[in-house]
Amino acid sequence: MILIVAEHTAGKLAKATLEMVTAARESGREGPITLLVLGQNVAAVATEAAAVADQVLVADLPGLATYNAEVWAAATTQIAQEGEAHTVIIGGSRSGREYAPRVAVKLDAAYLEDATKLSSNGAALQAQRYTYLARVTETVEADGLVVVTVKPGSFAPAAPAGAAGEQYDVELTLPAPRVEVTGKSVEKSSRVALTEADVIVTGGRGVGSPENFSRYVEALADNLGAGVGATRAVVDAGWRPYAEQVGQTGKTVQPKAYIALGVSGAVQHLSGMGKSKNIIAINKDAEAPIFKVADYGIVGDINEIVPALIEASRK
Ligand SMILES: Cc1cc2nc3c(=O)[nH]c(=O)nc-3n(C[C@H](O)[C@H](O)[C@H](O)COP(=O)(O)OP(=O)(O)OC[C@H]3O[C@@H](n4cnc5c(N)ncnc54)[C@H](O)[C@@H]3O)c2cc1C
């Protein structure tokens, strides 16, 4: 079987999970696509998971209330061994990249990291990944039992396929974790997270100033119920937090609409948003590289065009 460890937050299945299901469907590997839901009070997540998977294994336990690398690695390993999984897919989130190598070691499996594409080459699982500052796309492959992490935003979210999968409760023996989270301070934002957003409005250096960023980028995003993104130039200038950076050294996103305001379209930015379904660019330079990937483009000054867009979107 193909075992996917579901990602979820606040009782909802994360988009990253749907992306991993697509990765599994495209991998060419055989066997049922099985989603493993680890957590506490995860009945609603399991129901959502069943809509896209052949089967769902649910471990609803107090010991899984909060993420811990040792616990997640032990739980995933147990289930992979019991179910004789030949492929284990884990999200390339910070936590996924923390526990996935542990799973590979425990299973004595090959480990493919940060896959942006999956396919089969005979018995081998083939993955593509970026290397050399995303200027090179490398193809790697491994036979037999493989653990893969999938780069968030690299695959389209899976749509439900046929009848809902069966759900099964599973028993687990969990280790006592050696590392404990002793404090947490959560940045509050009412905006949709970048990796979950269907629409993203991104501002680049061409926006002009942090004040303009709020006036134009945030205002348009709020009217559209969109996420807010930024280029590295804007983050490096201290206008916006790193969490909003899109690109090779930031987040990879694939929204239905990506609106780029004053973004030149450097290769490192494109590698993080180039797969967006519709790219809409506004830039005063008709030669800006962003127009090479844009589906719709307006050559003009942000200061004139964006206020009109904000007004139109308010209506
Ligand atoms: C190792 C490495 C990693 C990197 N990682 C990332 C990354 O993850 N993400 C990322 O974004 N970058 C990344 N970069 C940086 C990248 O190379 C670019 O420097 C950066 O993306 C440029 O940001 P920008 O488009 O905001 O700025 P600029 O390139 O300065 O472009 C500003 C644009 O705004 C336009 N403009 C100016 N004024 C107006 C106006 N009034 N109205 C309309 N348009 C206007 C200009 O014509 C121009 O095209 C990385 C670079 C390196 C070397």
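The model is predicted.

**Overall form**

- Nine helices and 17 strands make up the secondary structure of the protein.
- The protein is as compact as a globular protein of its length, because its radius of gyration of 21 Å is close to the 20 Å that the globule rule gives for 315 residues.
- The C-alpha trace spans about 60 × 40 × 40 Å along its principal axes.
- Of the 315 residues in the protein, 44% are buried.
- Among contacts between residues at least 6 apart in sequence, 64% join residues at least 24 apart.

**Two domains**

- The domain assignment divides the protein into domain 1 (2–169) and domain 2 (199–314).
- A distance of 31 Å separates the C-alpha centres of domain 1 and domain 2.
- Contact between the domains involves eight residues of domain 1 and seven residues of domain 2.
- On the side of domain 1 that touches domain 2, five residues are nonpolar, two are polar and one is charged.

**Helix α1**

- Helix α1 (residues 15–26) has twelve residues, which at 1.5 Å a residue should span 16 Å; its end C-alpha atoms are 17 Å apart, so the two values agree.
- Nine of the twelve residues of α1 are buried, and the helix is thus mostly covered.
- The buried residues of α1 are Lys15, Ala16, Thr17, Leu18, Glu19, Met20, Val21, Ala23 and Ala24.

**Helix α2**

- In helix α2 (residues 43–50), the buried residues are Val45, Ala46, Glu48, Ala49 and Ala50.
- These buried residues of α2 pack against α1 and against the strands β2, β3, β4 (33–39), β5 (55–60) and β12 (166–169).

**Helix α4**

- Helix α4 (residues 94–107) has 14 residues and reaches 21 Å from its first C-alpha to its last, close to the 20 Å expected at 1.5 Å a residue.
- Gly96, Tyr99, Ala100, Val103 and Ala104 are buried in α4.
- An α-helix has 3.6 residues a turn, so residues three or four places apart point the same way.
- The cover over the buried residues of α4 includes α3 (69–82), β6 (87–91), β7 (110–115) and β11 (146–150).

**Residues with positive phi**

- Most residues other than glycine have a negative phi.
- Alanine 10 is not a glycine, yet its phi is positive, at about 50°.
- The loop between β2 (8–9) and β3 (12–13) contains alanine 10.
- Alanine 10 counts as exposed because it has 6 C-beta neighbours inside 10 Å, where the cut-off for exposed is 12 or fewer.
- Aspartate 108 likewise has a positive phi, of about 55°, although it is not a glycine.
- Aspartate 108 follows α4 and is found in the loop between α4 and β7.
- Aspartate 108 counts as exposed because it has 8 C-beta neighbours inside 10 Å.

- Is alanine 75 buried or exposed? Alanine 75 counts as buried because it has 25 C-beta neighbours inside 10 Å, where the cut-off for buried is 20 or more.
- Alanine 75 lies in helix α3.
- Leaving aside residues up to four places away in sequence, alanine 75 touches Leu38, Ala59, Leu172 and Leu174.
- The C-alpha atoms of alanine 75 and valine 5 are separated by 10 Å, while the two residues are 70 residues apart along the chain.

Notes
Residues are numbered from 1 along each chain as its sequence is written. This is a predicted model: local features need pLDDT of at least 70, side-chain atom pairs count only at pLDDT 80 or more; totals for chains, interfaces and linings use all residues. Helices (H or I, at least four residues) and strands (E, at least two) are DSSP runs, numbered from the N terminus. The radius of gyration is taken over C-alpha atoms; the globule rule is 2.2 Å times the number of residues to the power 0.38. Two residues are in contact if their C-beta atoms, placed from the backbone, lie within 7 Å. Domain bounds come from an automatic or database domain assignment. Ala, Val, Leu, Ile, Met, Phe, Trp, Tyr, Cys and Pro count as nonpolar, Asp, Glu, Lys and Arg as charged, and the others, Gly among them, as polar. The expected span of a helix is 1.5 Å times one less than its number of residues.
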